[in-house]
Amino acid sequence: MEFKISREFLSQIEQLIKENKEQELNDLLHEIHYADIAEIMEELDDYGAIYIFNTLDSEKTSEILLELDEEVRVKILRKLTPKEIAEELDELSTDDAADIIAELPQERKEQVISELEDVEHAKDIVDLLRYDEDSAGGLMGKELVKVNENWNVLTCVKEMRIQAENVSRVHSIYVVDDENRLKGRLSLKDLLTTSTKTPISEVYIPKVDYVRVDTKDVEVARIMQKYDLEAIPVVDELGRLVGRITIDDIIDVIKEEADKDYQLAAGISQDVEADDSILELTKARLPWLVLALLGGFIAVKVSGQFEGAMKDYGVLFFFTPLIAAMAGNVGVQSSAIIVQGLANNTLGGTIWQRLYKEMRLSLFNGLILSVILLLGSHFLLGVEYIIGITVAIALISVIVIASLIGTFVPITLNKYGIDPALATGPFITTSNDIFGILIYFSIAKAILGF
């Protein structure tokens, strides 16, 4: 059951901190999950958060560090000596430890690494720091269980027992050759049911999914999601086994990518949170608002070209918001489906096949909506049939064009290495508003002759 932080509980913690009752505070937090303690610390002031951190043992605080918001974590790390930070990192897996060290200034990084007691642990962390954080190398941990293809089952079991001491959870058993090149994986069932003298080369499974150290994190996430993997091995340029990536790291990647795409779709160009400063939020949001404003000026200019219609067919202008809204909504719908397909790598066919399918779909939807518009405008608003027919034809045209733009733009952006999520935001909405108004008045002019 999820732990809920109440105001009364926070007040109780604040009181214990104020009265300097470390043991009582420790007892109160003893059974609470480290992720929940991290949330509690984020609700307190800096003094309270640091007080809790210093009260708990390093086995728990090391896990809390990973869950803390980056701002709070930085404040706590500043209060710790390099040796104290190293003690926390000794409790963590290599990938998590490398993530925390990467946030430190260069001089402090070197000091912390020099304080790590486990030399092998330190070497593994340093090795991970050389990879880009958004690559498989930057995601992987060094802790894994591997066996040599030339061993027999008995030797394999003995070696696995030694290796497993440093691995919190054994997802897979990997098989390598004498050069440490990945050859396959070993089934635990086969290991338990095979004679102890049987060579591993006779029982291992040669088929194994893997990624290279330079594979992008989003591609790793896609592969693991597609094949429903809990862990995936990582190899270097020579095919040597260098680490593994577990599902908990991939969940973080998926969440970060989803947050980024959501913000792009909302017209936010930088990674920000609600608690960030007004300046940071403004820098992230203002560029797209300026673009939307410029688009609005263009839409006004386009409307001004048909000023003559106001005199004879003023009712046309009452339908302008409807046309613009439908253009924007249809474009966003189309682009959202394409972006989702691109993200999941499920988008099949050529761009022309996608456009043809989208055109047929939008034409079908447009016909239904135009009939509703025609009947509604006449019987509910009393609009003449000629005006209703004009608006209905314009609506069909706008829906078809908007859907084609919503399909074409994200595919094109993706082709040139630009995040296609950009196409679901104000960019697509603003452009479709402009095209929608232009098409609307052009068709009206052609039919009504103003």
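Modeller: First, a term: UniProt positions are given in the numbering used here, feature names are shortened, and annotations may be inferred rather than shown by experiment. According to the UniProt record, an unreviewed entry, the annotation "domain: CBS" covers residues 140–202 and 204–260. Residues are numbered from 1 along each chain as its sequence is written, and side-chain values use heavy atoms, with hydrogens and water left out. The model is predicted: local features need pLDDT of at least 70, side-chain atom pairs count only at pLDDT 80 or more, and totals for chains, interfaces and linings use all residues.

Start with residues 140–202. Over this range the chain is 29% helix and 21% strand. The end C-alpha atoms are 29 Å apart. Helices (H or I, at least four residues) and strands (E, at least two) are DSSP runs, numbered from the N terminus.

Strand S1 spans residues 145–148, and strand S2 spans residues 173–176. The two pair in the parallel sense over 4 bridges; pairing requires that DSSP finds at least two bridges between the strands. Val-147 has Val-175 in S2 as its bridge partner.

An open sheet of 3 strands runs in the order S4-S5-S6, with mixed pairing. Its edge strands are S4 (211–212) and S6 (241–246), each pairing on one side only. S4 pairs with S5 (residues 231–235) in the parallel sense, over 2 bridges. Arg-212 stands opposite Val-235 in S5. Helix H14 (residues 217–226) packs on this sheet and touches S4, S5 and S6. Contact means heavy atoms within 4.5 Å. The direction of H14 makes about 135 degrees with that of S5. Axes are lines fitted to C-alpha atoms, for helices over the stretch in contact, and angles run from 0 to 180 degrees between N-to-C directions.

One general point on reading such sheets: in a regular strand the side chains alternate between the two faces of the sheet.
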